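Visitor: I have a model open and would like to talk it through with you. Could we start with how the terms are used and then go chain by chain?

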Amino acid sequence: MKARIKEKTGEPLTTVKGIKKYFIKKPSLLAKAITRQKDIVIKAVDDVNLEIREGEILGLVGESGCGKTTLGRVMLKLYEPTAGKIFFEGKDITYCNGEAVREFRRKAQIIFQNPYASLNPRKAVREIISVSLKNRGVNDPRQREEEILSLLREVGLNERHINNYPHQFSGGQRQRISIARALAMRPKFIIADEPVSSLDVSIQAQILDLLESLQEEYKFTYLFIAHDLSVIFYISDRVAVMYLGKIVEVAETVELFENPLHPYTKALLSAIPGVGMKKREKRIILKGAVPTPIDPPQGCRFHPRCFVKKGKICDLKEPTRIPMGNSHYVYCHLFS
Amino acid sequence: MDEQVQEGMVMNVNLYKVKLKIWLMNFSSFLRDLMAHRAAFLGAVIVLICILAAVLAPRIAPHNPFQADSLRLRLLPPFWARGENAFQILAKLGKEKFSYLLGCDELGRDLLSRIIYGARASLLVGVLAVGISTFVGVSLGAIAGYYRGWFDNVFSRFADLLLAFPYLIFAIFIMAVMGPGFSNLIFALTLKGWVEFFRLVRGEMLSEKTKEYVDAAKVTGQSKFIIIFFEILPNIIHTVIVLATLRMGYMIIMEASLSFLGLGIQPPTPAWGSMVNAGRAYMLNAWWVSTFPGLFMLVLVLSINLLGEGLRDILDPRLKID
Amino acid sequence: MDLLRITNLTTVFLTRRGVVRAVDHINLRIKEGEVIGLVGESGCGKSVSMLSILRLVPYPGKIIDGEVIFNGENLLKKPLTEMRKIRGKEIAMIFQDPMTTLNPVFRVGEQIRESLRIHGIINGNHGEKKRVFSWFANKARREFEQQRVMKLIEEVELPSPEERYHQYPYELSGGMQQRVLTAIALSCEPKLILADEPTTALDVTVQAQILELFNRVIKKHRTSMILVTHNLGVAAEFCQRIGVMYAGRIVETGPTNKVMENPKHPYTCGLLRSIPKISKKRVRIKPIPGNVPDLVELSHKCAFYPRCEKASPVCEEKEIELKEVEEGHLVHCALSK
């Protein structure tokens, strides 16, 4: 039994302020003229503020359509934000170019969800990892070879597989290759975008275990995106809950799970089918489906499905961040 | 320091050896798949024979394809259809009874030799036209598909415009404007040929660039150029290879059509299309002059198509199973 | 009386690489109104077992052994025409991905009606062989069907039922589509529903909704259900008994609470230890080493032997039998008493 005690430096490694990412689909000129079709705006991420401290594992949890994947991509500069700023190591990297971006790329990496699509099917393992090493600056082929072998060992893959192609590996092994690729850059910050969601239960455990061991050894900072709450509970130091493009609650893991404040968080936690959970009170079943981020509701995004609405204010005004003490923040009118 | 450098060089060589071994392994498994696919294998063998024949034409052509040995050999029938007359003529010329196997054309030139030399023209046109089309189409398509924007708009519309014309009419028009000749022929064929490759690669690029390994490459800091041509394109190239192979047959037929109309390769250079055209007037009494070139063309194009279809089966699902 | 009793069911796939024993001598019993869970990872054979019950195993699969006794009759020996009467009517199936299971070009109401029409349910009586082909005749029948479909749509709690009837599947969300599939399954009032990972593709709050729907429906109609899932939490909450499958065999079966609290098979133990659980104290997970074996090359008496921490020479000695360790709790392990 090991409690997670972390010594945090207190310095935020990466921060996002006011990040918005809208995807706009413009109809063709003809459609606009004839049918007066309007632009379709998908507000994937709408005004998010988040701070990740060095050495911590922040879990980002939410259901489909909540924007967690998009937020992760924006933080890694794979998408340009529609508005807002990204800070990394104290510097504003929102619109930087050239050498600054290369610097950032060396320090921030990502592990994807889909082990089948995240590796180039035409490249052998050696080439996949070589690319990372070359971009880090390892120019000597002999040194690269040695490093590749040691990386493979580290992620638990047999060295003999260095010449194999992705389709010859199982899902779990491919994830290990992705992890090796990210590791090769010796990053400080790793975004793990649902890295175990497509894997079998026993393989999930292996990969989670690997990610945990690597974090213990190298003291990475993780942004761990997932929709499975037990996984989030297990691996995160702090958890942020997202709904429809906005963050609704942020707290340390144990605090969030023992004392959820936002109604959505409560519903989410209550929906988990339980193995080893203590007998709960009646389960909260939300009405309706998870909405799409096209044309979200006015005011608090959750109000159409909320079961403890305060009143009119929920329909009209968006809630702001309310500190509840103990690093616990909630975005809900019930607490203002 | 010297030792280290030497070791490094040895390491390099070893690495290349390993890469070569891997490449050979891949190629031999590809060959094995090819042999398992009957139709494709047959196609491949015949195409190989044609290529060899074309390359070794001067060695294996039994007679001179450019000039008749004697005008009296005009319209000599193929060896199984010869009558007394034909044997007399041959005897007078001091040739054997079964020389000029497939007969002679209207000017007395050996048909078989002309056909073998004609293969050169056809194959050369096929390879060059397809090769250039592929190069141009793939490059433009990859860039258009990846970047979208004005480049994509301009070239897509341009491609749509070109597609509005039927291929043959367009080629005839170009040839009529520029005059006949080999390089003009290639130009005419490639001017419209690149469009198919452009569209194919652009379409595939649109769907491939959303895949996560592309994001992974971006995150490791690869430049866009390298991503387009060295990460994504290798995954698209198998469909391009299939299309190129199938198109080659089509180019050969186009060349034959243009030569048939007198716009392609000019006499006395042997080209199957013009040979068919020349024999047209004699179809009723000397059918072999038109028929044999046509027959060989049929076999070659059929084989190329079989090979192309087989390649489609071999190259594509292999990436999906396992 | 058991509603369904499966004995020694074995299904193999004859592939170029060899014979794949997808389902290897499984035994299962289910009573009326009971919900049992079939838990296992991908490739363990749980989906194929369900398909085998309905004899829907695709080529190159073949059921080569065993009996499936449903309501006193062996389904494996029935002619296929009679099987078609059972599929959908007596035994219904709900598949995993509602997006691909529903036909995208037909409206939702029509798809639910199709089930009624195929089984010739006219005016409430079931199993009439008389099939009316003419569309124009029998207006009464169409009205009846429409009413029945509306009732079903209401029962599965789709909001605004009148609109839903005329909508296409792509207009509905994942949860709503799954409700439609449930409606189709329930349309002929089956005695048994086979649910193959019905909530895997859904978000967790939607999953809760669907499970609650299942609960209500089962209680109301006294239907039995076999719930196939890889999520032990879902099985724990929802099923009265569960069976754990590994490499085609059911390695442990018994009442849910007994299996979860007191697992006897090393695989079940390993599985439970490797799942992160939400509890007061954070317990470090212990993954099971190795990979799921290739079903073609099963060379040991016990398929779990290469990965088992309790492996011993006893495991290789002789054929392993199913042993009852406590009431209703059976284990397929050489080391259990």
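Guide: Gladly, and one term comes up at once: helices here are DSSP runs of H or I with at least four residues, numbered from the N terminus. Please also keep in mind that this is a predicted model.

Visitor: Good. Which helix does Leu213(C) lie in?

Guide: Leu213(C) belongs to helix H8 of chain C, which covers residues 204–221.

Visitor: What is Leu213(C) in contact with, leaving aside its neighbours within four places in sequence?

Guide: With those neighbours set aside, the contacts of Leu213(C) are Val156(C), Glu157(C), Arg179(C) and Thr182(C). Val156(C) is 57 residues away from Leu213(C) in sequence, yet their C-alpha atoms are 6.9 Å apart in space.

Visitor: Let's move to the assembly. Which chains share the most contacts?

Guide: Two pairs of chains are in contact, and chains A and C share the most contacts. Chain C brings 36 residues to that contact and chain A brings 35. On the chain C side, helix H7 (174–186), H8, helix H9 (232–238) and helix H11 (266–274) each supply at least two residues, and H8(C) gives the most, with seven residues.

Visitor: What about the classes of residue on that side of chain C?

Guide: The side of chain C that touches chain A has 16 nonpolar, twelve polar and eight charged residues.

Visitor: How far apart are chain B and chain C at their closest C-alpha atoms?

Guide: Their closest C-alpha atoms lie 12 Å apart, and no contact joins chain B and chain C. Chain B does touch chain A, where 20 residues of chain B are in contact with 27 residues of chain A. Helix H1 (2–36), helix H9 (212–219) and helix H10 (224–260) of chain B each supply at least two residues to the side facing chain A, with H9(B) giving the most, six residues. That side of chain B consists of eight nonpolar, six polar and six charged residues.

Visitor: Staying with chain B, how many helices and strands does it have?

Guide: Chain B has twelve helices and zero strands. Its domain assignment gives domain 1 (1–33) and domain 2 (37–65 + 110–320), and the C-alpha centres of these two domains of chain B lie 34 Å apart.

Visitor: Last topic, the largest nonpolar core: which residues touch the most other members?

Guide: That core has 264 residues, of which Phe224(A), Val241(A) and Ile226(C) touch the most other members. Helix H5 (residues 111–147) of chain B gives the largest share of this core, 17 residues. As for Phe224(A), its contacts beyond four places in sequence include Ile57(A), Leu58(A), Ala192(A) and Ile235(A).

How values were computed: Residues numbered from 1 in each chain as written. Chains lettered and ligands numbered in written order. Predicted model: local features only at pLDDT ≥ 70, side-chain atom pairs only at ≥ 80, totals over all residues. Contact = placed C-beta atoms within 7 Å. Domains from an automatic or database assignment. Core = buried A, V, L, I, M, F, W, Y, C linked by C-beta atoms within 7 Å. Buried ≥ 20, exposed ≤ 12 C-beta atoms within 10 Å, placed from the backbone. Nonpolar A, V, L, I, M, F, W, Y, C, P; charged D, E, K, R; others polar.
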